[in-house]
Amino acid sequence: MPDPHNPAGGARRGGLRALPGLPGRGARGAVTAETAIALPVLVAATLGLVWLLALAVTQVRVVDAARETARALARDEAVAVAVDLGRRVAPDDTRITVHEGADEIRVHVVTEVRGPGGLFDFLPGLEVDAEAVAAKEAP
């Protein structure tokens, strides 16, 4: 009996046509192979995007730490107190350097962001830094 949905009359198997040169075999194996190749690429891309997001968040925290420290020093806080305020905002293992001039205060904050680890553990960390300048307030 002819198939009304398949006017060509060719054999159908699971809704997929047989591949030329592979009698009786559908395209199901090709989909599995494509998924096996695409899945690790998608995982790697996701890890990369998460790492870039962590890098952006760290940059914002470093900028905030530099600004907070410079603002505290401009209000004539002690250097230790101002640096402590900056460390509250900054990521762990952050270096805060203070340079006081006659009219202004410069604060330089540096930290390192490590890669996502795992397969990407061979990648070097990136150094993130920020500088804030504040004018000394009159007493």
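The model is predicted: local features need pLDDT of at least 70, side-chain atom pairs count only at pLDDT 80 or more, and totals for chains, interfaces and linings use all residues. Residues are numbered from 1 along each chain as its sequence is written, and side-chain values use heavy atoms, with hydrogens and water left out. The chain has two helices and three strands, in the sequence pattern α-α-β-β-β.

**Fold and elements**

- Helices (H or I, at least four residues) and strands (E, at least two) are DSSP runs, numbered from the N terminus.
- Helix α1 spans residues 28-74, and helix α2 spans residues 79-89.
- Of the contacts in the chain with a separation of 6 or more, 48% join residues 24 or more positions apart. Contact here means heavy atoms within 4.5 Å.

**The sheet**

- The three strands form an open sheet in the order β1-β2-β3, with antiparallel pairing. Strands β1 and β3 are the edges, and each pairs on one side only.
- Neighbouring strands of this sheet are turned by 15 degrees against each other on average, direction ignored. Axes are lines fitted to C-alpha atoms, for helices over the stretch in contact, and angles run from 0 to 180 degrees between N-to-C directions.
- Two strands count as paired if DSSP finds at least two bridges between them. Strand β2 (residues 104-113) is joined to β3 by 10 bridges, and the two run antiparallel.
- Thr111 stands opposite Val128 in β3.
- Strands of a sheet pair through backbone hydrogen bonds, either parallel or antiparallel.

**Burial and surface**

- The chain has 139 residues, and 22% of them are buried. Buried means under 20% relative accessible area, exposed over 50%, and partly exposed in between (1.4 Å probe, protein chains only).
- The chain exposes about 9900 Å², and carbon and sulfur atoms supply 60% of that area. Accessible areas come from the Shrake-Rupley method with a 1.4 Å probe; for residues, only the protein chains shown count as cover.
- Leu39, Leu42, Val43 and Leu47 make a nonpolar surface patch of about 360 Å². Leu39 lies in helix α1.
- Patches are made of residues with over 30% relative accessible area and no salt bridge; like charges are joined within 9 Å, nonpolar side chains (Val, Leu, Ile, Met, Phe, Trp, Tyr) within 5 Å.

**Salt bridges**

- The structure holds eight salt bridges. Each is a side-chain nitrogen of Lys or Arg within 4 Å of a carboxyl oxygen of Asp or Glu.
- Side chains of opposite charge can pair when their charged atoms come close.
- Arg88 is exposed, at 62% relative accessible area, whereas Asp84 is partly exposed at 39%.
- Glu100 and Lys136 form a salt bridge (3.6 Å, N to O). This pair links distant parts of the chain: Glu100 sits in strand β1 (residues 95-100) and Lys136 in the segment after β3 (126-135), 36 residues apart. Glu100 is partly exposed at 47%, and Lys136 is partly exposed at 35%.
- Glu112 and Arg114 also meet in a salt bridge (3.5 Å, N to O). Glu112 is partly exposed at 49%, as is Arg114 at 47%.
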